[in-house]
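Here's a quick briefing to read with the structure open beside you. We'll start with the chain as a whole and then stop at a few residues.

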Amino acid sequence: MSARSVFVDTPFASSPMKFIEDYKLDAHPNKVNLAGREYLAEHGQTTWLPLIRKIKQQIATDPTLIPEYTPVFGIPEFSRRATELALGTDSPAILQSRVFGVQTVGCTGAVRLGAELLRTWFCSGSSWSGSVFLSSPCDESLAEIFKSTGFEHVRYYRYWDAKSSGVFMDGLLHDLENAPDHSVVLLFASGHSPTGADLSQEEWKRVAEVMMKRNLFPFILIPAQGLCSGSLEQDAWAVRHCVSLGLEVLCAQSFSHNFGLYGERVGHLLCVLRQNLLAVQSQAERLVQTLWSCPSVDGARVVATVLSNPAHLAEWQEGLKAMAVRCMLIRERLHERLRLLASPGCWGNIIKPGGLYCCIGLNGD
């Protein structure tokens, strides 16, 4: 028997999380973490809103809850409420039964499931090239997800303009205008990662117009609904607009930031289709059984409890608004401090976006 491991030639994979580990090991008293992905309270740690903490405690002590597997698509009430949160309770797509949702293992799981569905069944009766367009820049994991599902052509559309410190709208529209027919386009409804720069409603209208003209398919992410602008409706406006135009849409939702459920990995994939919904739903069920079988319950129970109770919903929304305001105040304080220090460069972009992310323009030097 050979003494060599069968994995001896495996190359080392770099990880963006190494920055976080290096930060934790650094003993400098004035260190600052600019690579964090969580909402931190005044004490510098993640936290729950008081309402979320109370509901988690109630669920933990509820004697009527028994340990059992969830259905393949997760808790039905969670999926129903998550769908209404994204589309609005009066959405024609909901009323016409053109929607189904799947509880997923975080937003990453939602993107992965959506990618699997698209790669296997999108335009399956035609010679589709399998092109997916991501923003430049974007989270590196997004490209890896699509590549790992078998997408042969992972491309990029221009999004961030370093000179203006904002969205490069002309470049974005030009790249979509020249994308192959039926390409999948990944977009952020709000909370673009990593720049924090979001499209305005007027810009979204222009993007949607191009997508309709070029037969492009929108795959939209909502990573922190309500935490970017402080408004649930505004942060989901792009999805609702695309659906109102009759576009088919996949939408990946995350409940990590806006509920503080970072460890519970609560996500949701929303599918809005024109026809053949039950067949696509059956294929999604088959895929889920090969990916994670069934999702966990605790975090989804918290979300469903909040969204199904009007009093809880109102209290949660007020908490989100306070968090969004605090994010903006922190940006303004940083901007003012940089101004007082006469720091070289233009820092106005710090106070332009809302939410958790911001491209501040620092380079390696």
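One term before we get going: two residues touch, or are in contact, when they have heavy atoms within 4.5 Å. Keep in mind that this is a predicted model. With that in hand, Gln281 touches Phe73 and Phe100, leaving aside residues up to four places away in sequence.

**The chain overall**

- The protein chain folds into 13 helices and nine strands.
- For 365 residues, a compact globule would have a radius of gyration near 21 Å, and the protein chain agrees because its own value is 21 Å.
- Take the contacts in the protein chain between residues at least 6 apart in sequence: 73% of them join residues at least 24 apart.

**Surface and charge**

- The protein chain has an accessible surface of about 19,200 Å², and carbon and sulfur atoms own 55% of that.
- On the charge side, the protein chain carries 33 positive and 36 negative side chains. The centres of those two sets lie 1 Å apart.

**Gln281**

- You'll find Gln281 in helix 11, which covers residues 277-291.
- Gln281 has 23% relative accessibility, so it counts as partly exposed; the buried class is for values under 20%.

**Glu116**

- Glu116 sits in helix 5, residues 106-121.
- Its relative accessibility is 14%, so Glu116 counts as buried.
- Setting aside residues up to four places away in sequence, Glu116 touches Thr149, Leu287 and Leu291.

**Ser254**

- Ser254 belongs to strand 8, which runs over residues 249-254.
- Ser254 is buried because its relative accessible area is 7%.
- The Ser254 side chain reaches the backbone nitrogen of Ser256 at 3.2 Å.
- Beyond residues up to four places away in sequence, Ser254 touches Cys107, Ile222, Pro223 and Val266.

Technical notes: Residues are numbered from 1 along each chain as its sequence is written. This is a predicted model: local features need pLDDT of at least 70, side-chain atom pairs count only at pLDDT 80 or more; totals for chains, interfaces and linings use all residues. Side-chain values use heavy atoms; hydrogens and water are left out. Helices (H or I, at least four residues) and strands (E, at least two) are DSSP runs, numbered from the N terminus. The radius of gyration is taken over C-alpha atoms; the globule rule is 2.2 Å times the number of residues to the power 0.38. Accessible areas come from the Shrake-Rupley method with a 1.4 Å probe; for residues, only the protein chains shown count as cover. Lys and Arg count as positive and Asp and Glu as negative; His and the chain ends are not counted. The place of a charge is taken as NZ of Lys, CZ of Arg, CG of Asp or CD of Glu. Buried means under 20% relative accessible area, exposed over 50%, partly exposed in between (1.4 Å probe, protein chains only). A polar contact is a pair of N or O atoms within 3.5 Å; within protein, one must be able to donate a hydrogen and the other to accept it, and residues adjacent in sequence count only if both atoms are side-chain atoms.
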